[in-house]
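Hello,

Here is the structure I promised to pass on to you. Please open it alongside this note, so that you can look up each place as you read.

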Amino acid sequence: MSMPASTDAQPAPRDADSHDVIRVQGARENNLKDVSVELPKRRLTVFTGVSGSGKSSLVFATIAAESQRMINETYSAFVQGFMPSLARPDVDVLEGLTTAIIVDQERMGANARSTVGTVTDANAMLRILFSRLGQPHIGSPQAFSFNIPSVQGSGSITIERGGTGGTTLQRDFSQLGGMCPRCEGMGTVSDIDLAQIYDASKAITEGAITVPGYTADGWAVKMYAESGFFDPAKPIRDFTESELHDLLYKEPTKVKVSGINITYEGLVPKVQKSMLSKDVDALQPHIRAFVERAVTFAACPECGGTRLNEGARSSKIAGVSIADACAMQISDLAEWVASLDEPSVAPLLANLRRLFDSFVAIGLGYLSLDRASGTLSGGEAQRTKMIRHLGSSLTDVTYVFDEPTVGLHPHDIERMNRLLLQLRDKGNTVLVVEHKPEAIAIADHVVDLGPLAGAAGGEVVFEGTIEELRSSGTLTGRHLDDRAAVKSTVREPSGAIEVRGADANNLRDVDVDVPLGVLVVVTGVAGSGKSSLIHGSVAGRDGVVAIDQGGIKGSRRSNPATYTGLLEPIRKAFAKANGVKPALFSANSEGACPNCNGAGVIYTDLGPMAGVSSTCEVCEGKRFDASVLEYHLGGRDISEVLGMSVEEAEEFFASGESRIPAAHTILQRLADVGLGYLTIGQPLTTLSGGERQRLKLATHMGEKGGVYILDEPTTGLHLADVENLLGLLDRLVDSGKSVIVIEHHQAVMAHADWIIDLGPGAGHDGGLVVFEGTPADLVAKRSTLTGEHLADYVGA
């Protein structure tokens, strides 16, 4: 008799269950050197390594970019035409990819109409809520939007009908919007100081117009000079009232200039359209300086800065208008929404409650919905982007984060860690580029890149667990447990900057003396008022140089040499040594290769498909015309000089025929901030976030000023580089400068001579100075959140 088959037999494993890793083979993006890794899925993998070692090239430019490119390819060519076209990363094999959701540190668009409420869809949901429940009822959700004006119109239209001619119909059109008509939904009105836009003692042809870009021999001024509305050779102070009105305020009018029909417009509306309609922070530095000098911005007197017209402000729910709701701190707004009980809009209220609770959970409850998105720091912007993913029911996707702890107090890092682990535990793959040891500690798997940065990096030097990393001997492993000690003696201040009655944003009438001649660290939880205090009350004074977190403006034609001003003395030295014009040694001017116009590559646009860039065959990527490369300085041509690293160039310009003191000084500053490995002709678009901030720091170090304000200079810095930064700060103070650092990194706090701690919480729970004194006193007292975490850090 045959025995029955055993019921304990295990089913054969299926192929579908074997795809549990993301496999990368032969990655060569940027400085990666044939990198191959296997990343476990549904785990939290942290990528470490010095700034510029290749972390972002592997995670963002290879894995995330290919995932997005392949998803985009599933859409029709028509739809792809509206999406950013992505080229295939330079990699041999990429297997096991899942849908990638990128949460990076890129600043929110600096559009003046963009707010926290608009970028998170909170405003859209609130508009629907008020259009349904608001009393008095004023209209559809559009009636509550500050981006939609109220318009009316009427006229006739002709409809063509098959061969019988047309039928003319009368049509009326009206749209009720919420835009304030006075400020056009901007919340501020501007007043231009006319003395800053023209010099009344000069004539138009003598350069009377002092607006940037309006040179006496330029096309912009030519339009005014040849308009025929006034005598361009007459000083402006001698203009009649009518002539002055035509120069400054004339409505758009067709005129003929040099035989060409163009539209003439007064100088004031022209400046308003070209410069004032953009966010001040997004302007080029010289234009921004002009705007800050020539224009005063004030809250719109009609809408009180709410951006909304009277109708939108009059409709209320439980005594609260949509303007009031957007001005509330989000933690308070969450309580208000929770108090509403209206079954007819229950799903909408549930979504709003979930959204606002996510803000609070992620540590952004201190923001308000009417906060301009361009004013958010890099860390705040990244966490704002995270919000839409927190309550998502998606699983088996890959979340990619770029230093999610940027801008976070040690107290808030614990909360961020919990959120990352929640995303992982829902069955997602979480990839994190990170430097903070507290964030690295939660990793299931660590990939360390290096050994150094730039050309000396681009290799995987370690893969494994945290414990294995500690004993691995890599740069990250050696510095993972570094702890700075509190100074035993501190410098004595030489004076103080007095701040009295500071009340910007959430500050509560703060009085504080900021010591001079020492290293001062201003700290406190995110949203406690640090930036409001320092940027609002200290920056802007004479002799104060403020270096904020704003991004570097620059295209692929910009590089460290052009950004820092290094190229100017180099071009002049080449010109002097060879007896030719300096313009020949610029790839953006007369010296450019005629085939690629100085770009070094030929870019072919293929519409909806990814564009193709190929090295220029004429100049072989050198960007210069062949005749220019025949001129030498110290035995090198200009393309060879731009191909040098900062360290090589510093040595090259230090002595001999190629000695250029001005260039050598700039290069020394670049080396001081740890950018010695950077190629001086490398496009700015290829630099990492940490490299860009240090490049900015090196540039500002050359400015004349006795007080430096640094806003989180450790952003993007590896543990090993923090030590170099502290050395740089010490050298600045020892040279007679005063340094004020807004910072969360405990190593910088411990190294300070004086600490100003704000709090106790964020938003309206902050805004007070909760401690002033030395780091040793802060550790001893443990009276604040900062004191507790710093004491734990130094092992007190």
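This is a predicted model: local features need pLDDT of at least 70, side-chain atom pairs count only at pLDDT 80 or more; totals for chains, interfaces and linings use all residues.

Residues are numbered from 1 along each chain as its sequence is written, and side-chain values use heavy atoms, with hydrogens and water left out.

First, the sheet that contains β3. Six strands make an open sheet with mixed pairing, in the order β5-β14-β15-β3-β16-β17. (Strands here are DSSP E runs of at least two residues and helices are H or I runs of at least four, numbered from the N terminus; two strands pair if DSSP finds at least two bridges between them.) At the edges stand β5 (100-103) and β17 (459-464), each with a single partner strand, so one side of each has no neighbour in the sheet. On average, neighbouring strands are turned by 20° against each other, direction ignored. (Axes are lines fitted to C-alpha atoms, for helices over the stretch in contact, and angles run from 0 to 180 degrees between N-to-C directions.) Within this sheet, β3 (residues 44-48) and β15 (residues 429-433) pair in the parallel sense over four bridges, and V46 stands opposite V432 in β15. Helix α14 (residues 410-425) packs on the sheet, touching β3, β14 and β15, with its direction at about 150° to that of β15. (Contact means heavy atoms within 4.5 Å.)

Next, the sheet that contains β20. Its six strands also form an open sheet with mixed pairing, and the order is β21-β24-β25-β20-β26-β27. The edge strands, β21 (544-547) and β27 (768-773), each pair on one side only. Strand β26 (residues 754-759) pairs with β27 in the antiparallel sense over five bridges, and D757 has F771 in β27 as its bridge partner. Helix α18 (residues 530-537) packs on this sheet and touches β20, β21, β24, β25 and β26. Helix α25 (residues 719-734) packs on the sheet too, touching β20, β24 and β25.

Helix α25 comes up again in the second largest pocket, where its five residues are the most that any element gives to the lining. That pocket has a volume of about 350 Å³. (A pocket is an open set of points on a 1 Å grid over the protein atoms alone, with protein on both sides within 12 Å along at least five of seven lines; a cavity is a set where a 1.4 Å probe fits but cannot get out; lining residues have an atom within 4 Å of a point. Points are joined across faces, edges and corners, and a volume is the space filled by probe spheres set on them.) Of its 22 lining residues, G674, Y677, R694, D721 and N724 are the closest to the centre.

As for cavities, there are three of 30 Å³ or more. The largest holds about 120 Å³ and is lined by 18 residues, with E403, K436, T714, T715 and G716 nearest its centre.

Finally, the aromatic rings: the structure holds nine aromatic pairs. (Rings of Phe, Tyr and Trp, the last by its six-membered ring, pair if their centres lie within 6.5 Å; planes under 30 degrees apart count as stacked, over 60 as edge-to-face and the rest as tilted.) One of them joins F585 and Y631, with centres 6.0 Å apart and planes at 70°, so this pair is edge-to-face. The two residues are 46 apart and link distant parts of the chain.

Best wishes
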